Amino acid sequence: MERDSVKDQADSYVTNDGRTIGPTVMEMKNITLRFGGVEAIKDISFDIREGEIRAIIGPNGAGKSSMLNVISGFYVPQEGEVWYKGAKRPPMKPYQVAQQGIARTFQNIALFEGMSVLDNVMTGRLTQMKTGMLAQSFWKGAAEREEIENREIAEKVIDFLEIQAIRKTPVARLPYGLKKRVELARALAAEPTILLLDEPMAGMNVEEKEDMSRFILDVNDEFGTTIALIEHDMGVVMDLSDRVVVMDYGRKIGDGSPDEVRNNQEVIDAYLGVAHD
Amino acid sequence: MPEQLAFTIEVFLNGLMAGVLYALVALGFVLIYKASGIFNYAQGVMALFAALTLVGIMEGQVPFGHLINAILGTEVHHFGWHIPAFLAIVLTMVVMIVLAYCVQRFVFRYLVGQEPIILFMATIGLAYFLEGVGDLMWGSEIKTLDVGLPQGINVWIDEFTYNATGYGFFIDNLDIVASIVAAVLVIGLVMFAQYTKQGRAMRAVADDHQAALSVGVSLNFIWILVWSLAGFVALVAGIMWGAKSGVQFSLSLIALKALPVLMLGGFTSIPGAIVGGLIIGVGEKLFEFAVGPMVGGATENWFAYVLALIFLVFRPQGLFGEKIIERV
């Protein structure tokens, strides 16, 4: 249980497998989100550290996706603060959050179905492009250089996720598992500070899940990308993540290393059910 | 060259030229449809409005003159200046951009995520609103639009073909200009959509709103951009049609001819709008020439629509439309 003291450390530490986890990059403070009379998230606080894989788990309807949507700006919480890179974040539109370096994938996959895989990945570069549209129309000088640079990064991501073979294929033709991977590629192409994954392994078979787990670990290892992910599959989560937040009915019932969480009585009750007598 | 053949070729060429003008209107439809899924019924009226505004600005007409006079009892009609065509076109473009902003800000911002039929209804409302505002602003009399484009028979082509074949082809200079402008416009728009950041963002928005947001694209900005582009295309179409047949309210009816063009070319394809326009233009001229006399003429009124119907039955996505991929 070497990680137990993690929370008390202000700065970086090194994990068992040799990765460096930095200081806090994002902090959620007392977030409450309501839809009409329903409280989807009740007063939840947690932090995400630089370079770690942070999981949010919980049974169906626990508010995990809502939490991710708060981070990515799709929902605006009624109460609480989001702190990002040491500053309080004002209420933002999703596209502004994306421009700040927070990329995400969706539970139900939101890809540009009519475009090729390469074009999809290139849209991930949109936030990084600077040159004006007039220059780009004529494709000269700076614009050309920029296009080539962006293309190189896109190709690197495509290589990394092993989807070279389908680069030119329209996304609509791809099977589900590959679509998930393309969506990850698009998010990764933005070179995000934080990568949010909403159930990256939902609906996959065992082999696909193993592939995806490997990619997530590799991304984190290779690029040092901070990852926050939601997942149902307890086994996968425990293998992947450095720290885990557990939610149930909108409340936070556990937070800590996988081992800590696994042995938390409240978490066990939430997952296995408990006799009320 | 036999007279009959030469005449057929001339009809063919004139059909091409007419088709270019249809294509110009159809282009505006395609732009908005591609980026927002809205079928913009107001595109024809936008062309009319742009042409009216252009004439009004060039001639220094006081906007809302009749209204002002009726309310204040004054007698103002003209500022008394004439603005050169180039400057007037720039000013009209500014007006079209303001219009694009207003359309997005006051209408479509509140309709995000609604059914296509509701968005379509909104554009019908917009069409009548714009027509009314155009009338109120600039008056309803027919105006001539002269931005200095060459008009009349192209003497060079006439002489050249006469010397070469013994038959002088009649091609209008204005039609030639319109073709060149349309070609430049299409190349520009395709390059914009394919190679620029904003173009890529535009295609992204057209495909999936949520995904576009997640890669950092502002929907609002893209929609204003797209309506501005459509306004620009409307302005070009308005100038060409206005120069050809005068600026009058029947101009908004050309929009209806753009419908069969779109069904042929596909609602989502910029080159499709051009090819569709050309096919309709040539088709209806040749059909009128060959079959017209046998059925009492006036086939131009219905030929395009019948052709569109046939296409709807056999190839609903049009010649260039995105293929409908279905996974079962």
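Helices here are DSSP runs of H or I with at least four residues, strands are runs of E with at least two, and both are numbered from the N terminus.

## The model and its conventions

This is a predicted model, in which local features need pLDDT of at least 70, side-chain atom pairs count only at pLDDT 80 or more, and totals for chains, interfaces and linings use all residues. Residues are numbered from 1 along each chain as its sequence is written, while chains are lettered from A and ligands numbered from 1 in the order in which they are written.

Let us start with A:D218, which sits in helix α7 (residues 206-223) of chain A. Burial is counted from C-beta atoms placed from the backbone: a residue is buried if 20 or more other C-beta atoms lie within 10 Å of its own, exposed if 12 or fewer, and partly exposed in between. A:D218 counts as exposed because it has 12 C-beta neighbours inside 10 Å. From A:D218 to A:E266, 48 residues apart along the chain, the C-alpha atoms are separated by 32 Å.

A:D248 belongs to strand β11 of chain A. This residue has 19 C-beta neighbours inside 10 Å and therefore counts as partly exposed. A:D248 and A:K64 are 184 residues apart in sequence, yet their C-alpha atoms are 8.7 Å apart in space. Two residues are in contact if their C-beta atoms, placed from the backbone, lie within 7 Å. Leaving aside residues up to four places away in sequence, A:D248 touches A:G58, A:P59, A:A62, A:I253 and A:A270.

## The mixed sheet of chain A

Strand β11 also leads us to a sheet. Two strands pair if DSSP finds at least two bridges between them. In chain A, 6 strands form an open sheet with mixed pairing, in the order β8-β9-β10-β5-β11-β12. Its edge strands, each pairing on one side only, are β8 (102-104) and β12 of chain A. From one strand to the next, the twist averages 15 degrees, with axes fitted as lines to C-alpha atoms (for helices over the stretch in contact) and angles running from 0 to 180 degrees between N-to-C directions.

A:D248 stands opposite A:R251 in β12(A). The hairpin of β11(A) and β12(A) has 2 residues between the strands, and A:Y249 takes a positive phi near 45 degrees there.

## The antiparallel sheet of chain A

Another open sheet in chain A has 4 strands in the order β4-β3-β6-β7, with antiparallel pairing. The edge strands are β4 (38-49) and β7 (87-88) of chain A, each pairing on one side only. Strand β3 (residues 24-35) of chain A is joined to β6(A) by 5 bridges, and the two run antiparallel. Within this pair, A:K29 stands opposite A:E81 in β6(A).

Strand β6 (residues 79-84) of chain A also runs antiparallel to β7(A), with 2 bridges. A:Y84 has A:A87 in β7(A) as its bridge partner, and A:W83 has A:K88. Between the strands of the β6(A) and β7(A) hairpin there are 2 residues, and A:K85 takes a positive phi near 50 degrees.

## Domains and core

Chain A is divided into domain 1 (2-101 + 192-272) and domain 2 (114-176), with bounds from an automatic or database domain assignment. The centres of these two domains of chain A, taken over C-alpha atoms, are 28 Å apart.

A nonpolar core is a set of buried Ala, Val, Leu, Ile, Met, Phe, Trp, Tyr and Cys residues joined through C-beta atoms within 7 Å. The largest one has 166 residues, and those with the most contacts inside it are B:A23, B:L24, B:A26, B:A51, B:V217 and B:V226. Helix α10 (residues 219-245) of chain B gives the most to this core, with 19 residues. Domain 1 and domain 2 of chain A both give residues to this core, so it lies between them. As for B:A26, its contacts beyond four places in sequence include B:A258, B:V261 and B:L262.

## Where the chains meet

Contacts link 22 residues of chain B with 27 residues of chain A. On the chain B side, the elements giving two or more residues are α7 (173-195), α8 (197-207) and α9 (209-214) of chain B. The largest share, 7 residues, comes from α8(B).
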